[in-house]
Amino acid sequence: MIDEKLEELGTHLVLPPWLEPDRKYLEKVLPKVNLPFSSKTAKITEEKGIRE
Amino acid sequence: MKATVRKKSGDSSVNKGIFGIHHVTAITGDPQRNIEFYANNLGLRLVKLTVNQDDPTSYHLYYGDEAGRPGTILTFFNWPNIPKGQRGRSEVAAISFLIPENSIRYWIDRFKQKKIDFRGPYKRFEDEQVIAFNDPEGLELELAAHESSKKRDPNVWIGGPVPTEHAIRGFYSVTLSEGGYERTASVLIDELGFVSTQQDGSRFRYEIPREYAGGEEDIGGANIVDVLCLPYTQQAIIGIGSVHHVAYRTPSDKQQQTLRRSIVRAGLNATPVIDRFYFHSVYFQEPGGILFEIATNPPGL
């Protein structure tokens, strides 16, 4: 795993290092999405306040 | 019943450093519906929520097995403002996921329950049963039940909504539709190391022989490309609900360079190596017009 732990894959927006400086802007313009439920990631998503 | 021709893999086949499909990238206009369909209905894991590197204000979604291993990765560019794709030749006509042989009934019941239309199951070649269906935007998908699923248990996402015994085990194959098959076949065979194995009517099958699966680093599978020869079909238009490209996996940068040199020598235009962060990529158009990519297994997702 290069930028996320196995149990956290797909649970938050990741950007390649060269786009990190643009994170704030990108988070503003990208459409909001609800992430899927999974038993393994439920705890993580709860902590982050994402649906389910 | 159409005649099926089974050819023996010639002894002359040489592995070119390709072990099968790495990922398939398609186009969605609606990321929320896309997530609901692939994660909640098909039970794939959303393994990466990132942006299109060439257009960072749009998402790039990755689905796959637990770890997003090569051979299981289906990705989507989110381009809501382009037209819907039109089926035809010179495109990927179907993406096929692998399921266990005894899982057909489970999936038919699941599709009925989820109100997903499907065709089949029908028999293809000697030993596979296929259910065909579409995603909400028309992308052509299949479930292929085949005994090779037994070797793909590591490709299950155990945290998903589908019971482990029936869950998708990565890709089985892709089907290309082409005006003619010979020149595409020569790229698959001479450049990528596929072997011609079977033919049924206008469907020509090419496979990376299983003995080439790359040990611990690569469990094999996702090693089939079917070419449908459809000379009287209109040219496809790529849009929402179409595949954008198919990537084949190679274990190292060195082998990717060797493949690239050979592809260029064959008269095809290949891009320089592009760093996609999760893999390194070389893109080229095969003679039928479909965009192919050579992607490295490392570093991974």
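What share of the contacts in chain B with a separation of 6 or more is accounted for by residues 24 or more positions apart? In this predicted model, such pairs account for 70% of those contacts. Chain B contains four helices and 17 strands, and its radius of gyration of 18 Å is close to the 19 Å that the globule rule gives for 301 residues, so the chain is as compact as a globular protein of that length. The C-alpha trace of chain B spans about 50 × 50 × 45 Å along its principal axes, and 51% of the 301 residues in the chain are buried.

The largest nonpolar core comprises 83 residues, and those with the most contacts inside this core are B:Tyr63 and B:Ile95. Strand E6 of chain B, which covers residues 91-99, gives the most to the core, with seven residues. In soluble globular proteins, nonpolar side chains tend to be buried together. When residues up to four places away in sequence are not counted, B:Tyr63 touches B:Tyr38, B:Ala39, B:Leu44, B:Arg45, B:Leu46, B:Val47 and B:Leu74.

Helix H3 of chain B, formed by residues 182-191, has as its buried residues B:Thr184, B:Ala185, B:Val187, B:Leu188 and B:Glu191. Just after H3 of chain B, B:Gly193 takes a positive phi of about 85 degrees.

Positive phi values also occur at residues other than glycine. B:Phe125, found in the loop between E7 and strand E8 (128-134) of chain B, has a positive phi of about 50 degrees, and it counts as partly exposed because it has 16 C-beta neighbours inside 10 Å. B:Ala222, whose place is in the loop between E12 and E13 of chain B, has a phi near 50 degrees; this residue counts as buried because 32 C-beta neighbours lie inside 10 Å, the cut-off for burial being 20 or more.

Cis peptide bonds form a further group of backbone features. One joins B:Gly120 and B:Pro121, with omega of about 10 degrees, and B:Pro121 lies in strand E7 (residues 118-124) of chain B. The peptide bond from B:Pro298 to B:Pro299 is also cis, with omega near 0 degrees. B:Pro298 is found in strand E17 (residues 291-299) of chain B, and B:Pro299 has its place in strand E17 as well. With 14 C-beta neighbours inside 10 Å, B:Pro298 counts as partly exposed. Between B:Pro298 and B:Ile208 there are 90 residues of separation in sequence and 20 Å in space, taken from C-alpha to C-alpha.

Chain A has two helices and zero strands, and buried residues make up 15% of its 52 residues. The contact between the chains takes 24 residues from chain A and 25 residues from chain B, and the side of chain A that touches chain B has 16 nonpolar, six polar and two charged residues. The mean pLDDT of chain A is 78, with 69% of its residues reaching 70 or more. Over residues 39-52 of chain A, however, the pLDDT is below 50, although this stretch has 20 contacts in the model beyond near neighbours in sequence. Where pLDDT is low, the predicted coordinates should not be read in detail.

Key:
Residues numbered from 1 in each chain as written. Chains lettered and ligands numbered in written order. Predicted model: local features only at pLDDT ≥ 70, side-chain atom pairs only at ≥ 80, totals over all residues. Core = buried A, V, L, I, M, F, W, Y, C linked by C-beta atoms within 7 Å. Buried ≥ 20, exposed ≤ 12 C-beta atoms within 10 Å, placed from the backbone. Contact = placed C-beta atoms within 7 Å. Rg over C-alpha atoms; globule rule 2.2 N^0.38 Å. Nonpolar A, V, L, I, M, F, W, Y, C, P; charged D, E, K, R; others polar. pLDDT = per-residue confidence, 0-100.
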